[in-house]
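Here are my notes on the model, point by point. Have the viewer open while you read.

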Amino acid sequence: MITFLREGLRASTSPLALLVLAPLAGTPLASVAQAQSASSEPVVQSEGDTLMLDTITVTSGKTEDRVINDLAGSSVVTRRQIDLLQSSRVSDVLQGVPGVAVQETGTDPGQAVNIRGLQDFGRVNVLVDGARQDYQVSGHGANGTFYLDPELIGQVDVVRGPVSTVYGSGAIGGVVSFRTRNIDDILNPDETYGAVQKLGIGTNGAGVLTNSMVGARIGTAADVFGQFLYRNTNNYRDGDDNKILDSDSELTAGLFKFNLYPADGHTVSASALLQNYDFTNNGDTGRGTRFKNDVTANTYTLGYRFSRPDIQWFDLSVKGYYTTTEDRKRVVTPSSTYGSLGVRPGAPLTYSMETAGFDIHNTARFDTFGLGHALTLGIDGAQDQGETSDRAGGYGAAFTPSGERRLFGGFIQDEVRITPWLRTIGALRFDSYELNGGGVSSDGSRVSPKITVGVEPFKGIEFYGTYAEGYRAPSITETLIQGVHPFPIFNILPNPTLRPEVAHNLEGGVNIQYDDLLKTGDSFRAKVAAFHNEIDDFIDTVAVGPVYNVPFIPGMPASACVFAPHLCQIGVQDQQYQNIAQARLQGAELEAAYDWGGGFVSLAGTIISGRNEITGDPLNSVVPNRISTTLGFRFLEDKLTIGTRLTFVDDTKPTVTNPTRGYGLVDLFASYRYDENISGDISIQNLFDRQYTQYLNSNASPGLTAKFGLTVKFASR
């Protein structure tokens, strides 16, 4: 860590970088916003512009607890944090979470989450209101993007590593669970109805947005919530003042929720999230053709919950969901290079993924022989139906094949409080899958264990150790992909014999929490973790077969090599997804926050490495080391908050694909709360107009960008 900090300081060209060691968005431990909790433990928060240090999370075990008490690498990002820096993409929202990165392209609003160097094909389980987001398109970008605007998000819960056995199959990297906005985000408990209107505007392509929310409580019998969002962005410029073409987009979204309370402890809920994105970019067919994209990303949920404090053995949750993501592309301009190969202007290319699933679990709390138990049992399942229709004459259907995959699982988990200073968590999960498409089928099943022990030798300091396994079934694309890459020309071969990936994760950490540390009323929280994750049968692309020469003139058929060998000097091999015997990832994470009432400071850092254990080559999905800090001060009786966010990212190894140099960023923010009904937020991102490209991204990131948001609320009691 010390070497990394020293090199990061030496590489930075920002003068402010010398003032604070390494930046990133406010650490999620320093969560800001209201936490709704059934926990009996008090939640510590400061006055005025609240900086929550103990936000409630349920992600690692489906039982409510504060982040600082969670025996896992967990974090929370709250609505207040999202507003503070005027986040306009999910990458902004997750920027300060240790161990987490987001791959994106400036020309597509879709994004892919990377946790501890793992991403693509469901290795990170992304949930929106508990519904899996399994959309996948294979091209030159991420294999597994999702669409969600930050203005729709109420809170984000993140768990790193394969410890969330209760949240469905495949999450060997971790889980990111997005909770969308609801009535509690706009109305206080004593308010019956109201509306919130937010207007936003920004420079350098940030464009404009309008966000309208309404809600009403119908006595104690029901409540309803509605949201309408419109965002229009323009082409932005990078730090060298280069315009990134096709980085503009238009979003129209609607969200509707209702809750019915038929009797004490009973809740029936439903939600519908509808999003439509319009944008133009270079498509995924590999031919350089520009497409007009019309993306719809919809999520529907229906659930039932029973929970009463006086009935400890019955805390039941039942949820069904349906998600659909569809990208309807039409050729705008065929590539001048490949146009002769048959791409037709105006012709459609459509990718779609439909996922239907359910999640049922119950937690029983009881005592036996002086031991306190929280025993959770559950089952879950999902069916993915992928469909590709290509009438544009490209390679869409070959690289993203149609098919069906069914996942089913069940789990049992027992959290046991043995003594006031000792607790354990033991769990077993059963997973099975079936995959069909193109005349090929495969299946498999496995039982994965988890054991965690937490020891608190001193008040406020708790150590924990975990061993957990995870299981990821091969995806439709990995199994069925079959086609010819256009240039250089080589074959991509299917592999129906792919075996599932199995992760073996060993993790140790410490949670630290103290109040009144340096002065009365202050709070200090910190989480430190180190992990070692070995993945058997890791799936990656592998060169297969003999090396052969292909034309280096685009459009020239490979058969011409026989007659003009001097034009065929590029040696290639065919590609295929195969099981690597073992991949290893290891690293350490830190997040800490101190709040003294008049201000706050947070720190987040990540060190990670990963390699193919057979060849010794690095894994291209492992993102660079980074460290960050956020410093803020409160004035005018906590109505005004101003501060800075600093970010340092290390160089990538020169042996990975498309290595990038390290960089440092400086952001500023200011937030003024005139009263509980009127507020304004200003942020300036990349203050020194630094030119940089985030690792794995295909476009340079925006240069200096300013954003402003004004929020007005009306409510009645």
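This is a predicted model: local features need pLDDT of at least 70, side-chain atom pairs count only at pLDDT 80 or more; totals for chains, interfaces and linings use all residues.

1. First, a term: helices (H or I, at least four residues) and strands (E, at least two) are DSSP runs, numbered from the N terminus. With that in hand, Asn 182 is found in the loop between β9 (174-180) and β10 (193-202). Residues are numbered from 1 along each chain as its sequence is written.

2. From C-alpha to C-alpha, Asn 182 and Phe 256 are 8.7 Å apart in space, and they are 74 residues apart in sequence. The Asn 182 side chain also reaches the backbone nitrogen of Asp 184 at 3.0 Å.

3. Now the whole chain. There are 5 helices and 33 strands. Of the 717 residues, 57% count as buried. The chain exposes about 28,100 Å², with carbon and sulfur atoms supplying 59% of that; the areas come from the Shrake-Rupley method with a 1.4 Å probe, and for residues only the protein chains shown count as cover. Among contacts with a separation of 6 or more, 67% come from residues 24 or more positions apart.

4. Next, a run of strands to trace by eye. Strand β13 (residues 249-260) pairs with strand β14 (residues 266-282) in the antiparallel sense over 11 bridges; two strands pair if DSSP finds at least two bridges between them. Leu 255 stands opposite Leu 273 in β14. The two strands form a hairpin with 5 residues between them, and Gly 265 in the turn has a positive phi of about 90°. β14 then pairs with β15, again in the antiparallel sense, over 17 bridges. In β15, Lys 292 is the bridge partner of Thr 280.

5. Further along, strand β30 (residues 640-649) and strand β31 (residues 663-675) pair antiparallel over 10 bridges. Here Arg 645 stands opposite Asp 667 in β31. On to strand β32 (residues 678-685): 7 bridges join it to β31, and the two run antiparallel. Leu 668 stands opposite Ile 684 in β32, and a hairpin joins β31 to β32 through 2 residues.

6. How many salt bridges does the structure hold? The count is 46, a salt bridge being a side-chain nitrogen of Lys or Arg within 4 Å of a carboxyl oxygen of Asp or Glu. One of them joins Glu 501 to Arg 123, with the closest N and O atoms 2.6 Å apart. Glu 501 lies in strand β25 (residues 501-515) and Arg 123 in the loop between β5 (108-115) and β6 (124-128), so the pair ties together parts that are 378 residues apart in sequence. Both Glu 501 and Arg 123 are buried.

7. Two other pairs are worth a look. Arg 231 forms a salt bridge with Asp 149, the closest N and O atoms being 2.8 Å apart. That pair links Arg 231 in strand β12 (residues 222-233) with Asp 149 in the loop between β7 (131-132) and β8 (153-160), 82 residues apart. Arg 231 counts as buried at 8% relative accessibility, and Asp 149 counts as buried at 4%. Arg 328 and Asp 294 form a salt bridge too, at 3.1 Å between the closest N and O atoms. Arg 328 is in strand β16 (residues 311-333) and Asp 294 in strand β15 (residues 290-308), 34 residues apart. Arg 328 counts as partly exposed at 27% relative accessibility, and Asp 294 is partly exposed with a relative accessible area of 24%.

8. Last, Gln 413, which sits in strand β19 (residues 403-419). Gln 413 is buried, with a relative accessible area of 1%. Its side chain and that of Lys 450 are joined by a polar contact of 3.3 Å. A polar contact is a pair of N or O atoms within 3.5 Å; within protein, one must be able to donate a hydrogen and the other to accept it, and residues adjacent in sequence count only if both atoms are side-chain atoms.

Note on methods:
Side-chain values use heavy atoms; hydrogens and water are left out. Buried means under 20% relative accessible area, exposed over 50%, partly exposed in between (1.4 Å probe, protein chains only). Contact means heavy atoms within 4.5 Å.
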